[in-house]
Amino acid sequence: MKRKDILGIKDLTRAEINEILSTADVMRDMIDRGEKSNALRGKSVATLFCESSVRTRISFETAAKNLGASVSDLPLAMPSVQNGESLIDAGMTLDALKTDVIVLRHSVAGSCKLLAENVNASVINAGDGLNEHPSQALSDGLTARRHFGNVDGKRVVIVGDVKHSRVARSDAILFGMLGAKVTVCAPYSMLPCGIDGFGCDVETDFDKAILGADIIVPLRVGRKSMDGAYFSAQEYDEYYGVTQKRLELCSDDCIVMHFGSLNRGSEIRGDVSGDRSSMISEQVTNGVAVRMAMLDLLVNGDNKL
């Protein structure tokens, strides 16, 4: 891979996405065999999470350790990373410690780009504000590709609080680049301004959106989102919840993906999350494989820009 950082799906080419997914396929097979690698032996990875995220942080730590790297987990509430200038100072300190990769999650969009421009270490965006979450999208892409073999021409429906979801942005871009037909579905109050820039179809009627769908990605809908949208969890379940009845409207081989912290009985029914169509557990394992691929390609790739 000829780049120093992975900051967003929109920055990657289709060839680079396929390179990451193909490498992740190899990593996933290695995980299934219970094997580990020394590909990053002698290298160091620092996880700097300025927002809480147990799943993503542990996934990156596991990925780095599977490749033989040493891992440093910086405290969540470090005062030195609460603003842009101090974030750069923290990055320079990590540079001085000869850190090879910094995995950053931050509440402010663009923070990862700011850090990457001011450090020698490679930077991976683990989620920045309402911008992007590239490693989650790549995990979703790997999960879909391993299930279908090819997602070109598949119908993907992303449903929920699109307005406040960086996963929705990254997923829409990634699946579109892989040739899928993407639809985002939400009530008007959960659709962001500039939705046309996502390069996908927009629908407010979920039952209409999922007709013949191959992949459904329900987004996490928190209490604040419900309050801002002026309806209850029960009402959301009625109009936008993923249910067994709604799965009957989809393709016979439809799969359901979710990136964690399910609100059962609202965005997804309990019988769906445990159904054979659910890829939630697969996403967790594939998330480690994708992050292994990202780390390996950044550190060991040739001719980095």
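These legends go with several close-up views of one predicted protein model.

Residues are numbered from 1 along each chain as its sequence is written. Because this is a predicted model, local features need pLDDT of at least 70 and side-chain atom pairs count only at pLDDT 80 or more, while totals for chains, interfaces and linings use all residues, and side-chain values use heavy atoms, with hydrogens and water left out.

**View 1. Here's the whole chain, before we zoom in.**
The chain has 12 helices and nine strands. Helices (H or I, at least four residues) and strands (E, at least two) are DSSP runs, numbered from the N terminus. Out of 305 residues, 56% count as buried; buried means under 20% relative accessible area, exposed means over 50%, and partly exposed is in between (1.4 Å probe, protein chains only). Now take the contacts in the chain with a separation of 6 or more: 75% of them come from residues 24 or more positions apart. Contact here means heavy atoms within 4.5 Å.

**View 2. Strand S3 sits between two partner strands.**
Strand S3 covers residues 101–106. Two strands pair if DSSP finds at least two bridges between them. S3 pairs in the parallel sense with strand S1 (residues 44–49), over five bridges, and Ala46 stands opposite Ile102 of S3. Strand S4 (residues 122–128) also pairs with S3 in the parallel sense over five bridges; there, look for Leu104 opposite Asn125. Val101, Val103 and Arg105 point one way from S3, Ile102, Leu104 and His106 point the other way, and all are buried. With six of its six residues buried, S3 is largely enclosed by the rest of the structure.

**View 3. Arg105 is a buried charge without a salt bridge.**
Lys and Arg count as positive and Asp and Glu as negative, with His and the chain ends not counted. A salt bridge is a side-chain nitrogen of Lys or Arg within 4 Å of a carboxyl oxygen of Asp or Glu. Arg105 is buried but doesn't have one: Glu51, the nearest side chain of opposite charge, is 4.5 Å away. What Arg105 does have is a side-chain polar contact of 3.5 Å with Thr56. (A polar contact is a pair of N or O atoms within 3.5 Å; within protein, one must be able to donate a hydrogen and the other to accept it, and residues adjacent in sequence count only if both atoms are side-chain atoms.) Leaving out residues up to four places away in sequence, Arg105 touches several others, among them Phe49, Ala126, His133 and Arg166.

Glu51 forms a salt bridge with Arg166, and their closest N and O atoms are 3.1 Å apart. Glu51 lies in the loop between S1 and helix H2 (54–66) and Arg166 in helix H6 (residues 166–177), so the pair ties together parts that are 115 residues apart in sequence. Glu51 counts as partly exposed, at 23% relative accessibility, whereas Arg166 counts as buried, at 13%.

Within helix H2, Glu61 and Arg57 lie four residues apart, about one turn of the helix. Their salt bridge has its closest N and O atoms 3.2 Å apart. Asp207 and Arg246 meet in another salt bridge (2.7 Å, N to O). Asp207 lies in helix H7 (residues 206–209) and Arg246 in helix H10 (residues 244–247), so this pair ties together parts that are 39 residues apart in sequence. Asp207 is partly exposed, at 34% relative accessible area, and Arg246 is buried, at 10%. Elsewhere, salt bridges that share partners join Asp25, Asp29, Arg145 and Arg146 into one network.

**View 4. Five strands make an open sheet.**
Follow the order S7-S6-S5-S8-S9; the pairing is parallel. Strands S7 (201–203) and S9 (255–256) stand at the edges with a single partner strand each, so one side of each is left without a neighbour in the sheet. Strand S5 (residues 155–159) pairs with strand S8 (residues 215–218) over four bridges, and one to find is Ile158 with its partner Val217 in S8.

In H9 (residues 233–240), the buried residues are Tyr236, Asp237 and Tyr240. They cover an arc of only 105° around the axis (taken from the directions from the helix axis to the C-beta atoms), which puts them on the same side of H9. On the other side of H9, Gln234, Glu238 and Tyr239 are exposed.
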